[in-house]
Amino acid sequence: MRRLLLLLPLALLLAACAGTPVPERTEVPDARVAERQLAAGEFEAAARSWLQLASQAEPDRAAGYRLDAAEAWLHADRLDEAAALIDALAGRVPVELERRFRTLAARVALARNQPDQVLRHMARPTAADAEGIAEYHSLRADAYDLLGNHLEAARERIEAEAYLPPEAVLANQQRIWQSLSKLTLPALDMLASPLPRGTLRGWMELTAIGKQFQLPADEMRMLIAEWRRDNPDHVAREAFVDALLQRNREMVHASSRIALLLPLTGRFAQAAAAVRDGFMAAYYAEGATEGRGVRIYDVGETPAQLVDAYERAIGEGVDAVVGPLSKAHVAGLTTRTEFPVPTLALNFSDGPSRTKNLYQFSLAPEDEAQQVAERAWLAGYSRALVLVPATEWGRRIHEAFVSRWGQFGGAVAAETFYDPQQNDFSSELTAMLNLDQSTARNRAVRRALGRTVEFTPRRRQDVDFVFLAAFPRQARLIRPQLKFHHAADLPVYGTSHLYSGTPSPNQDLDMDGTLFVDMPWVVDGEAIPQPLRQAGDILAEDNEVRRLVALGIDAYRVLPMLRVLEHYPHERLDGVTGTLRLDEDRRIRRQLLWARIRNGLPRVIREDEGVMAP
């Protein structure tokens with residue numbers, strides 16, 4: 001019995017072991033497995049294999065495996081995972097891996113739209129070999145392009161070219177061209193003139209010639225011949241220069257019979273008349289010639305009238321259509337499955353439309369809100385206060401700003417929807433600035449001490465700027481009330497709607513310091529051709545009507561350039577409503593000017609001034 005009792009625990013132990021599965025040993029892949037996964041495009045699997053290898057390796061070897069994993073995550077577009085590995089490795093990689101670490105960190109930062117981080121990692125060359133030096137300059141160029149400093153981007157790509165293999169030179173020259181093409185023609189002229197004769201200035205002068213692609217082919221040939229004479233040793237490939245003439249011959253399409261479809265009767269009649277007047281002003285300013293003409297069709301208010309007018313115009317042999325104007329009409333137009341001639345609608349449809357020959361152009365307020373987000377981010381800000389009216393227009397502006405701001409990783413600390421009919425915004429501002437909490441703390445201190453204490457309300461300190469969506473009446477009230485509520489030092493950014501369009505120093509004096517986007521037509525009269533400026537002044541005194549006149553002018557001027565903008569996404573056209581480009585949905589997007597109110601008057605911030613915070 002004693003022997004049985006001694007054997008019982010052993011039997012129980014063996015029984016327990018038999019009933020419990022023994023965990024299998026996890027096999028660590030060797031490096032060849034991860035490399036095969038990487039070569040096969042299985043990037044996530046490769047990243048996990050590298051990390052598994054790192055978990056079993058010596059520290060120095062493990063750092064290399066983690067860099068391999070970060071690169072695999074980058075290929076897989078898993079940017080958060082790649083960035084987390086980079087952050088964990090910062091300051092902990094062996095000396096021999098430092099260059100690779102900085103290059104990979106810069107690539108991850110670039111993919112995350114963090115150009116300042118790219119430049120920090122690329123503060124000095126990461127390699128001595130040609131390939132490494134070329135990558136160093138290319139990364140810096142991409143960062144400068146993101147920052148909007150296209151001149152420095154071109155300069156970096158010019159530096160990179162000396163280290164590129166011959167087969168990569170033409171593509172690099174295309175990138176130089178693309179960077180400089182994002183500058184306006186006046187900016188190119190202004191920035192090039194003080195530079196010494198050399199490669200960069202030659203590129204800028206050639207880009208300026210290319211921006212005049214609406215010129216007749218013989219004039220383009222003459223300009224290029226002069227450029228070659230002034231730059232006999234320039235590195236630009238002959239094939240690249242010849243492409244300018246080819247583009248001019250093949251893609252600029254000057255329509256001879258244009259149909260202008262507008263709602264000249266009904267509730268949009270005033271807006272339609274302003275667009276028509278601007279369109280015709282541009283037509284006559286160019287110089288009407290025999291065989292060319294514009295035929296105007298009234299599309300009324302119903303979809304049936306639009307369909308009838310469009311079919312009639314096509315039947316009468318027009319080779320381009322501009323219009324309609326209202327959003328409802330554009331929605332009806334986009335249901336067509338084909339467009340026999342280039343058609344430029346003067347509003348945006350709600351959804352994307354990529355039907356061939358259909359283009360869309362609008363003075364959309366959402367574009368302006370997105371540009372405010374971009375500017376604030378480039379200024380180094382990360383936390384915003386958002387103040388918009390409680391209207392449908394305000395909600396559209398709010399959604400566009402917050403969406404774009406969020407794409408950059410920006411945070412909204414507080415948002416307020418105000419009643420645009422009121423005059424006193426104290427309650428909204430005190431809540432948004434946390435002044436009510438400051439006052440409540442003061443009351444608590446007084447109760448605790450049983451006496452009055454000296455007190456100055458203190459606004460929240462965790463925000464960088466205010467995004468203000470407002471029309472002139474509200475902006476003129478809100479801006480000084482922000483100052484009164486201890487936020488005088490808080491930058492205020494807004495859309496064009498807060499400026500009346502007419503210089504009013506007495507009324508706008510309290511708006512000093514406010515930054516806003518607007519079209520050249522409104523804030524930069526010097527950039528507008530004199531005949532068009534005179535026509536616009538005669539046609540419209542009201543600011544909103546004047547903006548629609550500008551839309552009509554640019555609709556006429558962009559029409560022959562649509563194919564150029566479509567085939568060259570980097571190309572820009574300097575318009576009176578902004579610098580114009582075409583996106584992948586064939587929508588014309590406007591890059592507006594930035595202005596700051598000083599002494600009650602708007603002052604344009606020029607391109608050579610770079611990103612400026614107040």
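Helix α19 gives the most to the lining of the second largest pocket, with 6 residues. The model is predicted, so local features need pLDDT of at least 70 and side-chain atom pairs count only at pLDDT 80 or more, while totals for chains, interfaces and linings use all residues. Residues are numbered from 1 along each chain as its sequence is written, and side-chain values use heavy atoms, with hydrogens and water left out.

**The second largest pocket**
- The volume of this pocket is about 1,300 Å³.
- A pocket is an open set of points on a 1 Å grid over the protein atoms alone, with protein on both sides within 12 Å along at least five of seven lines, and lining residues have an atom within 4 Å of a point.
- Grid points are joined across faces, edges and corners, and a volume is the space filled by probe spheres set on the points; the probe is 1.4 Å.
- The lining holds 41 residues, and N347, S362, L363, P365 and R396 lie nearest the centre of the pocket.
- At least two lining residues come from each of α17 (327-333), α18 (365-378), α19 (392-407), α26 (543-558) and β13 (587-591).
- By type, the lining has 16 nonpolar, 8 polar and 17 charged residues.
- Nonpolar covers Ala, Val, Leu, Ile, Met, Phe, Trp, Tyr, Cys and Pro, charged covers Asp, Glu, Lys and Arg, and the others, Gly among them, are polar.

**The chain as a whole**
- You will find 27 helices and 15 strands in the chain.
- Of the 614 residues, 48% are buried, where buried means under 20% relative accessible area, exposed over 50% and partly exposed in between (1.4 Å probe, protein chains only).
- Among contacts with a separation of 6 or more, 64% join residues 24 or more positions apart; a contact means heavy atoms within 4.5 Å.

**A pair of helices**
- Helix α8 (residues 130-146) packs against helix α9 (residues 150-161) at an angle of about 170 degrees, and their axes are 8 Å apart.
- That angle makes the two helices, α8 and α9, roughly antiparallel, a label for angles over 145 degrees.
- Axes are lines fitted to C-alpha atoms, for helices over the stretch in contact, and angles run from 0 to 180 degrees between N-to-C directions.
- The contact of α8 with α9 involves 5 nonpolar, 3 polar and 7 charged residues.

**Two buried residues**
- D554 lies in helix α26 and is buried, at a relative accessible area of 1%.
- Beyond its neighbours within four places in sequence, D554 is in contact with F361, G575, V576, T577, G578 and L580.
- S349 sits in the loop between β4 (343-345) and β5 (358-361), and is buried at 6% relative accessible area.
- With neighbours within four places in sequence left aside, S349 is in contact with K327, V330, T334, Q360 and R587.

**Backbone details to look for**
- Most residues other than glycine have a negative phi, and most peptide bonds are trans.
- The peptide bond from G323 to P324 is cis, with omega near 5 degrees, and P324 is in the loop between β3 (320-322) and α17.
- H486, in helix α22 (residues 472-487), has a positive phi near 65 degrees and is partly exposed at 35% relative accessibility.
- N599 has a positive phi near 55 degrees and is exposed, at 60% relative accessibility.

Notes: Helices (H or I, at least four residues) and strands (E, at least two) are DSSP runs, numbered from the N terminus. Angles under 35 degrees count as roughly parallel, over 145 as roughly antiparallel, 65 to 115 as roughly perpendicular and the rest as oblique.
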